[in-house]
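Open the model in your viewer and keep the sequence panel beside it. The tour below moves from one selection to the next and says what is to be found at each stop.

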Amino acid sequence: MLDFSRKDYSKEELLRIMASDDPEILQALFSQARKIRKEVQGNKIFAYGFVYFTTYCRNNCNFCYYRNSNKIERYRKNKDEVLAISKSLIDSGVNLIDLTMGEDPQYHAEDFETVCQIIKEIKDVYDTPVMISPGVVNHNIIDKFAEAGADFYALYQETHNRELYAKMRVGQDYDARMNAKLYAKEKGIYIEEGLLAGIGETSEDIVDSLLTMGEIGARQVRVMSFIPQEGSPMEDCKTPDRIEELKIIALMRLLYPSALIPASLDVDGIRGLKDRINAGANLITSIIPPKSGFMGVAHSTMDVDEGGRTVEEAASILDEMGLRIASKEEYEAFLRQVRP
């Protein structure tokens, strides 16, 4: 039996854990992940509001529903709509607003002026942390995000295997993507790194990604299971067994005790929340108000209009687990005082 009470793990040990399907080992893994989370933050779980404000994108990622060549209905919300939904989320109790977008040519053409205005208003008027997920942008745009007050820059490689990356993110430079987030970190913005499970990666690829996340100093690290998307080149691929995602979450917690690690509602909806929290996640993402006209990513509509992605619904599940949604002050104190 592996000793999960230690702080250091070799690459070989991490590979052994990823390869294991022994129920006793997995139970010990998840138990230790929960123990570490409790030691770091008690019974508090953080919550992020998700504002996917434009589904236009110039890229053709093979795994994505919103890829440029997919003939789907799209939307682009205006500033007032984005601010209204952000206020609704803040009033409901989220700790941060995640402003997510495709690489929309319209916003690139205006040098993200509108986006910066939105960030600044959420910060100044609502006094709430902001994450921006704009894809790859040049350094002067990142400077603007920093000046506007953005707290996080989310930019996922999805995999750190360069050959697999090239198959997933067609025509997109690996180093340009990595360097953009590293520059944001230099500017004092926290970075979020993420990987996608079930796209043809090996266990070694996963472990390499986990170690890279620590090397680049990501404050928030995440994993999501691949969901086949209609109209994409990968629409006939299968979604992976969720145990892989859960093992990765737990290993993230063991490797990075104070990292922010999401339990995303975007993969399996509200029914998938408990398992991800039990694997060591300390954060709920993809909270979207019902009937808001805003969509998710992996599952664009799952549980949205039914009200399954609300703070209230998540809080009721956490309450059954002896956990609770953190207050605004508790989240901000966590950001100030705890480092990965």
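Helices (H or I, at least four residues) and strands (E, at least two) are DSSP runs, numbered from the N terminus. This is a predicted model, in which local features need pLDDT of at least 70 and side-chain atom pairs count only at pLDDT 80 or more, while totals for chains, interfaces and linings use all residues. Residues are numbered from 1 along each chain as its sequence is written, and side-chain values use heavy atoms, with hydrogens and water left out.

**First stop: an annotated span**

Select residues 43-266, which UniProt, in an unreviewed entry, lists as "domain: Radical SAM core"; UniProt positions are given in the numbering used here, feature names are shortened, and annotations may be inferred rather than shown by experiment. The span is 41% helix and 18% strand, and its end C-alpha atoms lie 23 Å apart.

**Second stop: the listed binding site**

Next, select Phe 63, Glu 158 and Arg 177, which the unreviewed UniProt entry lists under "binding site". Phe 63, Glu 158 and Arg 177 are included in the lining of the largest cavity, where a cavity is a set of points, on a 1 Å grid over the protein atoms alone, at which a 1.4 Å probe fits but cannot get out, and lining residues have an atom within 4 Å of a point.

Centre the view on Phe 63, in the loop between strand 1 (44-54) and helix 3 (79-92). Is Phe 63 buried or exposed? Phe 63 counts as buried because its relative accessible area is 12%, the term buried meaning under 20%, exposed over 50% and partly exposed in between (1.4 Å probe, protein chains only). Setting aside residues up to four places away in sequence, Phe 63 touches Glu 158, Met 168, Arg 169, Leu 196, Phe 226, Ile 227, Gln 229 and Met 234, contact meaning heavy atoms within 4.5 Å.

Move on to Glu 158, which sits in the loop between strand 4 (152-154) and helix 7 (162-168). Glu 158 is buried too, with a relative accessible area of 8%, and its contacts, leaving aside neighbours within four places in sequence, are Phe 63, Arg 169, Gly 194, Leu 195, Leu 196 and Ile 199.

The largest cavity holds about 730 Å³ of space. Of the 38 residues that line the largest cavity, select those nearest its centre: Phe 63, Tyr 156, Glu 158, Arg 169 and Val 297. Strand 1, strand 2 (96-101), strand 5 (190-197) and strand 6 (220-225) are the elements that give two or more residues to this lining.

The second largest cavity holds about 40 Å³, and Glu 158 is one of its lining residues, together with others including Thr 159, Leu 195 and Asp 205. Helix 9 (203-215) and strand 5 each supply at least two residues of this lining, and helix 9 gives the most, with three.

**Last stop: the largest pocket**

Finally, select Ser 5, Arg 6, Lys 7, Asp 8, Gln 32, Lys 35, Ile 36, Glu 39, Val 40, Leu 254, Leu 255 and Pro 257, which line the largest pocket, a pocket being an open set with protein on both sides within 12 Å along at least five of seven lines. Helix 2 (23-41) and helix 10 (242-255) are the elements that give two or more residues to the lining of the largest pocket, and helix 2 gives the most, with five. The space in the largest pocket is about 190 Å³.

Technical notes
Grid points are joined across faces, edges and corners, and a volume is the space filled by probe spheres set on the points.
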